[in-house]
Amino acid sequence: ASIFPNSDTSICIGTNLILIADSTLGNMSWSLNGNTISSYDTISISVSGNYVLMVTDSNSCMSTDTVSIIINPAPQPDVTFINHQLICTNVNNVNYDWYMNGQSLGINSDTLNLTQNGWYWVITTDSSGCMGIDSIQIINLSSEIIHQKIDDVSLYPNPTSQSISID
């Protein structure tokens, strides 16, 4: 019995991988981590683990093959807007690819300095080739709130139950 692909494989979550039994010499049985999961010649992979194919021929001779499949999680970037910059957090050891309105900006950094409004997104790719994406729309870049220290502010009446005046 043999399995195709015939070597241990690592894939990203959401990737379609099918294992194929390269044998029609008898009854097939697939197991995952010791539990029988199928008797068909192909199986679709959705869980990491050790997949074993056992083929029993008409003389009750058994043949087995095993592959280990690892399903890697995708990065989960989180883009926030701070001080005319987009900052990508929640990911480590990734490459960044920033886009604005569908065009790649060619920037591989966790921050992006903004100069105009638009739809922005970042695609992050980790060392396994798995990708994650997050986006944000900047509608009015020039209206960013400016925080200033204000001295000598009066609020009255204080306390109040209805309205308040500020001087």
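**A tour from the disulfide to the cores**

The torsion about the S-S bond of Cys12 and Cys130 is about -100°, so this disulfide (a pair of cysteine sulfur atoms within 2.5 Å) is left-handed. The model is predicted: local features need pLDDT of at least 70 and side-chain atom pairs count only at pLDDT 80 or more, while totals for chains, interfaces and linings use all residues. Residues are numbered from 1 along each chain as its sequence is written, and side-chain values use heavy atoms, with hydrogens and water left out.

Select Cys12 and Cys130 to see the S to S distance of 2.2 Å. The structure holds one disulfide. Cys12 lies in strand 2 (residues 9-12) and Cys130 in the loop between strand 14 (118-126) and strand 15 (131-138), 118 residues apart; strands are DSSP E runs of at least two residues, numbered from the N terminus. Cys12 is buried at 16% relative accessible area, and Cys130 is buried at 1%; buried means under 20%, exposed over 50%, partly exposed in between (1.4 Å probe, protein chains only).

Now select Leu19, Trp30, Ile45, Tyr51, Leu53 and Ile69, which touch the most other members of the largest nonpolar core, a set of 16 residues. Such a core consists of buried Ala, Val, Leu, Ile, Met, Phe, Trp, Tyr and Cys residues joined through side-chain atoms within 4.5 Å. Strands 3 (17-21), 4 (26-32), 6 (42-45), 7 (49-57) and 8 (62-72) each give two or more residues to this core.

Apart from this core lies another, of 15 residues, including Cys88, Trp98, Met100 and Leu114. Select Cys88 there: its relative accessibility is 4%, hence buried.

How values were computed:
Helices (H or I, at least four residues) and strands (E, at least two) are DSSP runs, numbered from the N terminus.
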